[in-house]
Amino acid sequence: MRESPSTPVRTIPIHVDTGTAYHKAQPTSNLEMTQVGRGTPMGELLRRYWHPIGISSDANHTPRKVRVLGEDLILFRDKKGRPGLVYPHCAHRGTSLFYGKVEENGIRCCYHGWHFNVDGILMDAPCETDATRLKQTVCQGAYPAFERDGLVFAYMGPPEQ
């Protein structure tokens, strides 16, 4: 039997499955609150606190790669027992300090032998004379670190704070 043009046609709505129960809205994320890299709002906030970056056994005489707040870094312990957390590439030629040699007072780059202490200060640059003032101008990126109760903590915020 054919319907007359005046009779409304009844349609059944079909909902496309969005993967959520009861057709609720898809969850969203606020990138300003979830990204922790350098320069992001949450990253800059979190860098103002001391964070545990490893257990004490992670910091030893063999450099170890760690990733903290979106940054790749090198964790080590010098022969005096102080933990160090440095930028992973040497300030001289960019060689990875992961292959560096841990010494009495810091870490030495495997390529040209530049020696940095746990604070990133250049201690020795072989084949460079003291007249070049290199030790006063070059610094390896480093973060302050200390050890307490079996954990190594680091502060990654502004140095003045």
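Reader: Does Q140 count as buried or exposed?

Author: Buried means under 20% relative accessible area, exposed over 50%, partly exposed in between (1.4 Å probe, protein chains only). Q140 counts as buried because its relative accessibility is 2%. This is a predicted model: local features need pLDDT of at least 70, side-chain atom pairs count only at pLDDT 80 or more, and totals for chains, interfaces and linings use all residues. Residues are numbered from 1 along each chain as its sequence is written, and side-chain values use heavy atoms, with hydrogens and water left out.

Reader: Which backbone atoms does the side chain of Q140 reach?

Author: A polar contact is a pair of N or O atoms within 3.5 Å; within protein, one must be able to donate a hydrogen and the other to accept it, and residues adjacent in sequence count only if both atoms are side-chain atoms. The Q140 side chain reaches the backbone oxygen of Y87 at 3.0 Å. It also reaches the backbone nitrogen of A91 at 2.8 Å.

Reader: Which residues does C90 touch?

Author: Contact means heavy atoms within 4.5 Å. Beyond four places in sequence, C90 touches T95, L97, C109, W114, F116 and Q140.

Reader: How many residues has the largest nonpolar core?

Author: A nonpolar core is a set of buried Ala, Val, Leu, Ile, Met, Phe, Trp, Tyr and Cys residues joined through side-chain atoms within 4.5 Å. The largest has 15 residues. C90 and W114 are among those with the most contacts inside it. A second, separate core of 12 residues includes I53, V68, L75 and V152.
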